[in-house]
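Please read the sequence and the three-dimensional structure side by side as you work through this briefing. It takes up the chain as a whole, then its pockets, a surface patch and its salt bridges.

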Amino acid sequence: MANNRVDAVVGDIIEAVRNVLDKHDVTFPEYRAAVAFLAQYNGAAPYEIPLGLDMFFNATIHDIEMKNRKGSVTALEGPYFRDEAPAVKDRLKVLEGKGEPMIIEGTITDLSGEPLDGAELWIWHSDPDGFYSGFVPYMPEADYYRGVLKTGPDGAYSVRTSVPAPYTIPHDGPSGALLEAMGRHPWRPAHIHFKVRHPKVLDHITQSYFQGGSYVDDDCVEGVRPDLIHTMDERDGVKVLHKDFVLDPA
Ligand code: MBD
Ligand code: FE
């Protein structure tokens, strides 16, 4: 009998894996290959274990979290959030002459539709080539395509930036090797990351994807959910992504 949570969860994982081994008649050479695969994480980059687990399970924990929320759908934080983002008002710093301009706008309210005054909203996303600032030599500082803004009494926000691009997760280590061995690719669809904090609501972390974009139906980390796919409008020749946040009480 399971007598604590670790025993309950890990015990069930072990039973589930045993059932899979049995179902597929897994052999000793295959078992040893699996052990050798896991041993490759020794000496791999420190992000490889989180990456390998997040690829398959992080989105599932969001689905479970949403069983207890009534508001907007949460989604993967990913590895590129920076708390100390530049404070912004109405635009993110972008690489000039690169990519298509885009405005992201909407409102932040509680479940009853009451605007949240003084909510902090972090927005971060890749550049038009699919790279995040702070993680590539040509954007050494984590200031491009990132910012944190504060809502006023109307709970509204609007920022100008440029359209991001599809992106490959790191795939030169064991986690990428596993995807390849499975015949899968390392691509994620283009996306915008958001994080909202306000004392009255639960912290909210999510992503937005673009209707019809590459890999929206085939995300390597299986993080896309229907409510997170947006069609962009166009205003005065500029793409507009409308994203409202309806947030659960703290
Ligand atoms: C990303 O940019 C991301 O958003 C996730 C979830 C995983 C890896 C890279
Ligand atoms: Fe991302």
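In what follows, Ala, Val, Leu, Ile, Met, Phe, Trp, Tyr, Cys and Pro count as nonpolar, Asp, Glu, Lys and Arg as charged, and the others, Gly among them, as polar. This is a predicted model, in which local features need pLDDT of at least 70 and side-chain atom pairs count only at pLDDT 80 or more, while totals for chains, interfaces and linings use all residues. Residues are numbered from 1 along each chain as its sequence is written, chains are lettered from A and ligands numbered from 1 in the order in which they are written, and side-chain values use heavy atoms, with hydrogens and water left out.

**The chain as a whole**

- The protein chain has four helices and twelve strands, where helices (H or I, at least four residues) and strands (E, at least two) are DSSP runs, numbered from the N terminus.
- Along its principal axes, the C-alpha trace of the protein chain spans about 65 × 45 × 30 Å.
- Of the 250 residues of the protein chain, 40% count as buried; buried means under 20% relative accessible area, exposed over 50%, and partly exposed in between, with a 1.4 Å probe and protein chains only.
- D54 has its place in helix α3 and is partly exposed, with a relative accessible area of 36%.
- From C-alpha to C-alpha, D54 and V196 are 21 Å apart in space, and they are 142 residues apart in sequence.

**The largest pocket**

- On a 1 Å grid over the protein atoms alone, a pocket is an open set of points where a 1.4 Å probe fits, with protein on both sides within 12 Å along at least five of seven lines, and its lining residues have an atom within 4 Å of a point.
- The largest pocket holds about 820 Å³ of space, a volume being the space filled by probe spheres set on the grid points, which are joined across faces, edges and corners.
- This pocket is lined by 22 residues, of which V17, A34, F37, L38 and L178 are the closest to its centre.
- Two or more residues of this lining come from each of α1 (5-23), α2 (28-39), α3 (48-66) and α4 (174-181), and the largest share, seven residues, comes from α3.
- Sorted by class, the lining of the largest pocket has 18 nonpolar, two polar and two charged residues.

**The second largest pocket**

- The second largest pocket has a volume of about 610 Å³, and of the 28 residues that line it, P79, Y80, Y167, I169 and P170 are the closest to its centre.
- The elements that give two or more residues to this lining are α3, β5 (167-168), β6 (187-188) and β7 (191-197), with the largest share, five residues, coming from α3.
- By class, the lining of the second largest pocket has 17 nonpolar, seven polar and four charged residues.

- V6, V9, V10, I13, I14, V17, L21, V26, F28, Y31 and V35 make a nonpolar surface patch of about 970 Å².
- Patches are made of residues with over 30% relative accessible area and no salt bridge, with like charges joined within 9 Å and nonpolar side chains (Val, Leu, Ile, Met, Phe, Trp, Tyr) within 5 Å; accessible areas come from the Shrake-Rupley method with a 1.4 Å probe, and for residues only the protein chains shown count as cover.
- Helices α1 and α2 each supply at least two residues of the nonpolar patch, and α1 gives the most, with seven.
- V10, which lies in helix α1, is partly exposed, with a relative accessible area of 38%.

**Salt bridges**

- The structure holds twelve salt bridges, each being a side-chain nitrogen of Lys or Arg within 4 Å of a carboxyl oxygen of Asp or Glu.
- E65 forms a salt bridge with R69, the closest N and O atoms being 2.6 Å apart; E65 counts as partly exposed at 32% relative accessibility, whereas R69 is buried at 13%.
- K93 forms a salt bridge with D143, with the closest N and O atoms 2.8 Å apart. Because K93 lies in the loop between α3 and β1 (101-110) and D143 in the loop between β2 (120-125) and β3 (146-150), the pair ties together parts that are 50 residues apart in sequence.
- In that pair, K93 is partly exposed, with a relative accessible area of 41%, while D143 counts as buried at 18%.
- D127 forms a salt bridge with K98, the closest N and O atoms being 3.3 Å apart, and the pair links distant parts of the chain, 29 residues apart, with D127 in the loop between β2 and β3 and K98 in the loop between α3 and β1.
- D127 is buried, with a relative accessible area of 0%, whereas K98 is partly exposed, at 24%.
- D83, R197 and D203 are linked in a network of salt bridges.
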